[in-house]
Number of protein chains: 2
Amino acid sequence: MTTTTAPPPAGSAAAAWFDQHQPLLDRALATIRTREYWSAYPESPSPKNYGENAQAQGKTALEARLGTRFELAQPGTVGWIGAERSPFGVAIGVTYPQIDQDALLAAVTRAQRDWAAATPKYRAGVAMEMLARINKASFEIAFATMYTTGQAFMMAFQAAGPHAQDRGLEALAYAYDAMSDVPSFALWEKPQKNEPLRVEKRYRIVPRGIGLVIASSTFPTWNSYPAMFADLVTGNAVVVKPHPNSILPLAITVEIMRGVLAEAGFDPNVVALAADTPESPIAKQLATRPEVGLVDYTGSSSFGTWLEQNAKQAQVFTEKAGVNAVVIDSTDDLPGLAKNLAMSLSLYSGQMCTTPQNVFVPRAGIKTADGDASFDDVLGAISKAVEGLLSAPERAVEILGAIATDATLERVKAESAKPGVVLASKTLAHPQFPGARVHTPLIARLDASDEERYGGEMFGPIAFVIATDSTEQSLELAARGARSCGAITAVLYSADPAVIVRAEDFAADAGVSLAVNLTGALLVNQSAAFSDFHVTGANPAGNASLTDAAFVANRFRITQTRTVVPGTASAG
Amino acid sequence: MTTTTAPPPAGSAAAAWFDQHQPLLDRALATIRTREYWSAYPESPSPKNYGENAQAQGKTALEARLGTRFELAQPGTVGWIGAERSPFGVAIGVTYPQIDQDALLAAVTRAQRDWAAATPKYRAGVAMEMLARINKASFEIAFATMYTTGQAFMMAFQAAGPHAQDRGLEALAYAYDAMSDVPSFALWEKPQKNEPLRVEKRYRIVPRGIGLVIASSTFPTWNSYPAMFADLVTGNAVVVKPHPNSILPLAITVEIMRGVLAEAGFDPNVVALAADTPESPIAKQLATRPEVGLVDYTGSSSFGTWLEQNAKQAQVFTEKAGVNAVVIDSTDDLPGLAKNLAMSLSLYSGQMCTTPQNVFVPRAGIKTADGDASFDDVLGAISKAVEGLLSAPERAVEILGAIATDATLERVKAESAKPGVVLASKTLAHPQFPGARVHTPLIARLDASDEERYGGEMFGPIAFVIATDSTEQSLELAARGARSCGAITAVLYSADPAVIVRAEDFAADAGVSLAVNLTGALLVNQSAAFSDFHVTGANPAGNASLTDAAFVANRFRITQTRTVVPGTASAG
């Protein structure tokens, strides 16, 4: 790290925090170069990792917040709002500060000044301490996420807790690395006839402006932490605009971050919450404010595209929707294939941006280790595997979670009435939550010609098994879908190395991440921090990737000062 | 470098070129971290650097092209066009391929496939060889630049030759560095209860699509080479759309690049020329073609903003216009100040994006080493220094060059008729070129309240010395101009360290590069490759900087393939 050392605020813990967390940061910096396996925050909720009563304490802490005001002491608070509805039927009833945009953004802009003036090192110390405290609150954030998003507990813990924290640290490391490449000072000595011309150059990292982070309803922290930490460490203040149905996990996050800022002697308004309700959305207005220099968004394609085209004053990073495909060419392990896909389709009821939707299978069938399998054999194996996986309701609800939105329920209902359904979506009762809306995946059999059915995103527990003329046509249709609607993941099953190479080329052209022959524990849905690049930015599913250099390099600018060294021959 | 080693085309010289040029690349990679003085290509046209008859040979070679067809053997050539008018009155008369966009872009897209499949290393080898050959053609390109842009010979040689080549190498190094940070392979081993889950991950650098480079009329190569080389080395094909009045320097460049590509066994259509005329402009159409994934532009604010808002399918990088300021607070060396500013204002008749326009001076005068100087003393010193610098026509023309466009002449004429002119623009006869349009700078005295006169860009030999209430007001007006119109450079003269610190803060807020107390050889106009960040991207003067990580990180995407290692416990 070579940037200038400016003192942190008097008495600040920032320097000590940097020293304390430096080993973790160094490990993160090393891992983003190898992209090998590493995790900074344990993904198992085991008491060995988080303490004996951590889960119960987290649950108690979270439940104590239900039905109360979430006080944040933010300037520009003009009322209290909140309309979260739990897919599990839990009564949330939390209200959050209703913001006056002018007043809040003015305070955040003021707070940004000292934050930007602190060096990357001190900002990193503060951000790493934020992550450490967020990690300690993993159970509380997990229950907040579970109750608001409909994720089952284990997913809520891992995805909203340690996995999100890992993603935040990954982005922090990329941003820190990018700033570290810029020297703070250079003595520029150009040879001349007599004495060299000597010029002192000072380089300064300057922020882009407030970073607005617009979160998704389904993965409020996992999709937001990368932007929040990348923005912060590069000197920008952050305003978080959660989805109106999952404010709580991010409100807790913001509360922790504001506490750490205050403790370090910074204005806590470096991080603020901007909550809204479905009836009075504020994202469009916020995203086009002149104070906002960065916008990060995860959610629908339509609003993501609106932001890309309208938030002109800002650098916009999006993760939007997509249609993910599976291409089945041949397999050595049809039962393993079916089991793996069944889990991928069922996990969180298909409400992941990485869930496969379209499964392309040649109508003439495929080769397997046990001989030929007809199209119906493959379709049957997948359907039976889903049925088997979800046959015991108490196990099923821990995989399926609950349906987050009415729109998803409507989609399932509409698809249920259409032709080709081979596995109907069933309603399950949740043993713990009587109000939970739990529905098993629907699988329909379609033909390659039914593009109007499968050609768009059907978010939720809906999958299509589609008969094609050949694997070549399957690859073409999968790639076409990715190019037109976007896609984040693709899976290929093939025992033929030539087909694998061909699929890699298709996937690279379509800008989609490919997984090959998944028959075991690895699911295509999983995207591992420090290793998997999530979204490529190379198709309509988004214009950014978690996390590459492009995700961080535009979050700051460099200004410089040149001063001729007095007394050199050319100075006067 | 860790990306996959794919073989270059059979018999390709790419690998040998990489080895040959690796020392230069390594030096460039080291220098972008220190931003200390270094130049890869000698800036002196001395025979010691370029050979005994290089200048004469270059001139002969260039003049042999005048009045002829510039053959490039490009597909989609449907006619011959060209309308370059020399500011020196030289008859250019060169015609270039008139393109059929469908046919040319289809050929370029086809050519891009093998280019993208080659590894960064081989692409870098080819690109470095291109630079080496372009360097050998520096004199020919210098005369082409001189005749088409109106630059005097020495500037044309340095800026269009070695300085542009240095900038190209700098961007190449940043791009290579960014790709080098992405591993081509990772074995991801996640600990499990029994055996770890092992996943092989392959990462692939994929191009964004054709890189369209739209060049400026005044610095056709200096502003284009960074984008061209960054695009190429990241796997994108390049289409160069020169300004219709300075096609020749880029046509020569494209010819050399196509030759190197062919010699390396690549399709030469990886680089193509798209010339046009003022009557039939093609830039808007080209910039919005779906094949185009990257657009780099240098030129007017209006067209740059149009591109930012309309070339939605592409990543757009712009350098637009600005209003550069000088703030004079106090000085130890008024004569040095006046001489330095006189040179800055006169160089290439103020037709540089780095030329100061607005000189702010407190109306109460300033402190100098020789006592107080009134506002008129300062204004008089600057005016006299300009007069003195340009008193001998044969010397003056080597500084001023010639006026590139009618629009600039019209501006000078219009300003000449307005009140406040203290130094009139004079017409000079050029000893070698009777048709050259040579005009000395105009200086007008304005008041801070005359913002409608000085508040916009007056490109060309026009400068305003503006009376302000105080240095504080000077800084505010300078910063306001930068924020509203953009600015690339600013100069402060002050003997007071507190004012210098204050000006640095103003400059950082306004996103402008600051130079302090220039009284000797260093001119604010100069922007040194490998050291000075040219344009910050932090004000309306442009959205990109030469060269930082943000300039290269978005020129490629990463796709990945995950394959579970067969036989591991979790594989099935």
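Analyst: Two strands pair if DSSP finds at least two bridges between them; strands (E, at least two residues) and helices (H or I, at least four) are DSSP runs, numbered from the N terminus. The model is predicted, so local features need pLDDT of at least 70 and side-chain atom pairs count only at pLDDT 80 or more, while totals for chains, interfaces and linings use all residues. Residues are numbered from 1 along each chain as its sequence is written, with chains lettered from A and ligands numbered from 1 in the order in which they are written.

Within its chain, β21(A) pairs in the parallel sense with strand β20 (residues 489-493) of chain A over four bridges. A:V491 stands opposite A:A515 there. Together with helix α19 (residues 497-510) of chain A, β20(A) and β21(A) make a right-handed β-α-β unit: with the strands pointing away from the viewer, the path from the first strand over the helix to the second runs clockwise.

The other partner belongs to chain B. Three bridges join β21(A) to strand β22 (residues 556-564) of chain B, and the two run parallel. Here A:V516 stands opposite B:T563.

As for the whole, chain A has 20 helices and 22 strands, and 61% of its 572 residues count as buried. Its C-alpha atoms fill a box of roughly 85 × 65 × 45 Å, taken along the principal axes.

Key
Buried ≥ 20, exposed ≤ 12 C-beta atoms within 10 Å, placed from the backbone.
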